[in-house]
Amino acid sequence: MDIDALNPQTNFGLQLEACGYPKPFDQVRQQCGATWRALTSAASNPKSAGGIRLLSSTELEKAENLLDVLDRYGLFIVRIGEVEHWLPNLQVTRNKKWLHHIFEALGSDPSSSEYVRPAEDDVWAFLDKITAWLKDKNRRGMADPTPNA
């Protein structure tokens, strides 16, 4: 999810419920609201301005702690604001068709010098966190859909 999911104007409770976050949601909603206020104090549109990178000191630590807790429940929020900001080194127009352009820029031929290989940061780190959560048999949040597998 993009960082604007933390905006109190969204119905974040539905996502919390869907992922199995324990009720009541009051405390986590307060934390989301406080983080969103800190983000919007730093930039009018934190989604496109850099996400939690806009924060510093205590506000950054609070945001990281909140997002770490949400990650544990399978509710992964893009810390840099929005997915369109991943892979900034690829010179791709970021519009409604950006995904197609990103895949083209990544390449499909591993023997090409232009081919982009997975790294340890950026979108790759985000996907690694999701993979680790999916593989964790003791994860919190959504139940394993195949408990006998």
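In the largest nonpolar core, a set of 22 residues, L6, F12 and L70 touch the most other members; such a core joins buried Ala, Val, Leu, Ile, Met, Phe, Trp, Tyr and Cys residues through side-chain atoms within 4.5 Å, buried meaning under 20% relative accessible area with a 1.4 Å probe, protein chains only. The model is predicted, with local features needing pLDDT of at least 70 and side-chain atom pairs counting only at pLDDT 80 or more, while totals for chains, interfaces and linings use all residues. Residues are numbered from 1 along each chain as its sequence is written, and side-chain values use heavy atoms, leaving out hydrogens and water.

- Leaving aside residues up to four places away in sequence, L6 touches F12, C32, G33, T35, W36, L66, L67, L70 and I77, where contact means heavy atoms within 4.5 Å.
- A second, separate core has 15 residues, including F76, V92, I102 and W124.

**Fold**
- The protein chain has six helices and zero strands, and its C-alpha atoms fill a box of roughly 50 × 50 × 30 Å along the principal axes.
- Among contacts between residues at least 6 apart in sequence, 56% join residues at least 24 apart.

**Burial and surface**
- Of the 149 residues in the protein chain, 36% count as buried.

Methods. Buried means under 20% relative accessible area, exposed over 50%, partly exposed in between (1.4 Å probe, protein chains only). Helices (H or I, at least four residues) and strands (E, at least two) are DSSP runs, numbered from the N terminus.
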